[in-house]
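Please keep the sequence and the structure at hand while reading the points below.

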Amino acid sequence: GNHEHYPSLPSLDAVVPIEVAPNLFFVPDGVMLQVGGLRIGVLGGAASIDYRHRTLGVDWFAEENITPSQATRTDTWQDVDLMVTHVPPQHVIQATADPRALRSFGVGPDWRDLNADVVEQIWRRIGQPPLVCGHMHYAHTSADSVRVLDIGEAIWWRPGDTVHTAVRLGPARP
């Protein structure tokens, strides 16, 4: 997800997916989700530097940052088929983000999202499985199987796919 209204979500301390509407599940950060035999490690979290520029009111909450307890939940992850995060690993941001964009949001060129460091550490610890994320508002596929989805873009990932061979569903069109 992106910019959920955190006060409306189920307990952030939950450790299992919670059905919040028919066939709509809240998956707590740090939880391993099993879908059709796939083991999907889910870890949201990202800092926002553009929230000051939005006109929709409060749509970013400090609770969106990865907490130590959420990161600790990943200690039990084994044989992850796919990792789904909000923010990409830090090395992807460093290789692809335009530093001029940081200035446009009022932060210095040395600013970094510490959540990306957490994602990087966990992703490397579990063996660098294919990873799909968003947050950056541009599309990118790294040589080490990290796929950053653009706004409105989705992919269909099947067992055995790399992020390079997954079926791209493309950006949503009005």
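The model is predicted, and its average pLDDT is 79 for the protein chain.

**Confidence of the model**

- A pLDDT of at least 70 is reached by 72% of the residues.
- Where pLDDT is low, the predicted coordinates should not be read in detail.

**Overall organisation**

- Four helices and ten strands make up the elements of the protein chain.
- Along the sequence, these elements follow the pattern β-β-β-β-α-β-α-α-α-β-β-β-β-β.
- The protein chain has 174 residues, of which 41% count as buried.
- Of the contacts between residues at least 6 apart in sequence, 54% join residues at least 24 apart.
- The accessible surface comes to about 9,800 Å², and carbon and sulfur atoms account for 57% of that surface.

- Six strands form an open sheet of mixed pairing, in the order 3-4-5-6-8-7.
- Strand 3 (31-35) and strand 7 stand at the edges; each has a single partner strand, so one side of each is left without a neighbour in the sheet.
- Strand 3 and strand 4 run antiparallel and are joined by five bridges. Within this pairing, Gln 34 has Arg 39 of strand 4 as its bridge partner.
- The hairpin of strand 3 and strand 4 has two residues between the strands, and Gly 36 in this hairpin takes a positive phi near 55 degrees.
- Strand 4 (residues 38-43) and strand 5 run parallel, with four bridges between them. Gly 41 has Met 83 of strand 5 as its bridge partner, while Leu 43 stands opposite Thr 85 in strand 5.
- Strand 4 is mostly covered, with five of its six residues buried.
- In a regular strand the side chains alternate between the two faces of the sheet.

- Thr 85 is a residue of strand 5. Is Thr 85 buried or exposed? Because its relative accessible area is 8%, Thr 85 is buried, the cut-off for this class being under 20%.
- Which residues does Thr 85 contact, apart from its neighbours within four places in sequence? The residues in contact with Thr 85 are Leu 43, Val 119, Leu 131, Val 132, Cys 133 and Gly 134.
- The side chain of Thr 85 also reaches the backbone oxygen of Val 87, at 2.8 Å.

- Strand 1 (residues 18-21) pairs with strand 2 (residues 24-26) in the antiparallel sense, over three bridges.
- The bridge partner of Ala 21 in strand 2 is Leu 24.
- Two residues lie between the strands of this hairpin, where Asn 23 has a positive phi near 60 degrees.

**Positive phi in two loops**

- Asp 79 is not a glycine, yet it has a positive phi of about 50 degrees. Asp 79 is found in the loop between helix 1 (68-73) and strand 5 (82-85). With a relative accessible area of 64%, Asp 79 is exposed.
- Ser 145, which is not a glycine either, has a positive phi of about 65 degrees. Ser 145 is found in the loop between strand 7 (140-141) and strand 8 (146-148). Ser 145 counts as buried, at 14% relative accessibility.

Methods. Residues numbered from 1 in each chain as written. Predicted model: local features only at pLDDT ≥ 70, side-chain atom pairs only at ≥ 80, totals over all residues. Heavy atoms only, no water. pLDDT = per-residue confidence, 0-100. Buried < 20%, exposed > 50% of the residue type's maximum accessible area, 1.4 Å probe, protein only. Pairing = 2+ DSSP bridges. Polar contact = N/O pair within 3.5 Å; in protein donor to acceptor, adjacent residues only side chain to side chain. Contact = heavy atoms within 4.5 Å. Areas by Shrake-Rupley, 256 points an atom, 1.4 Å probe, with all protein chains shown as cover.
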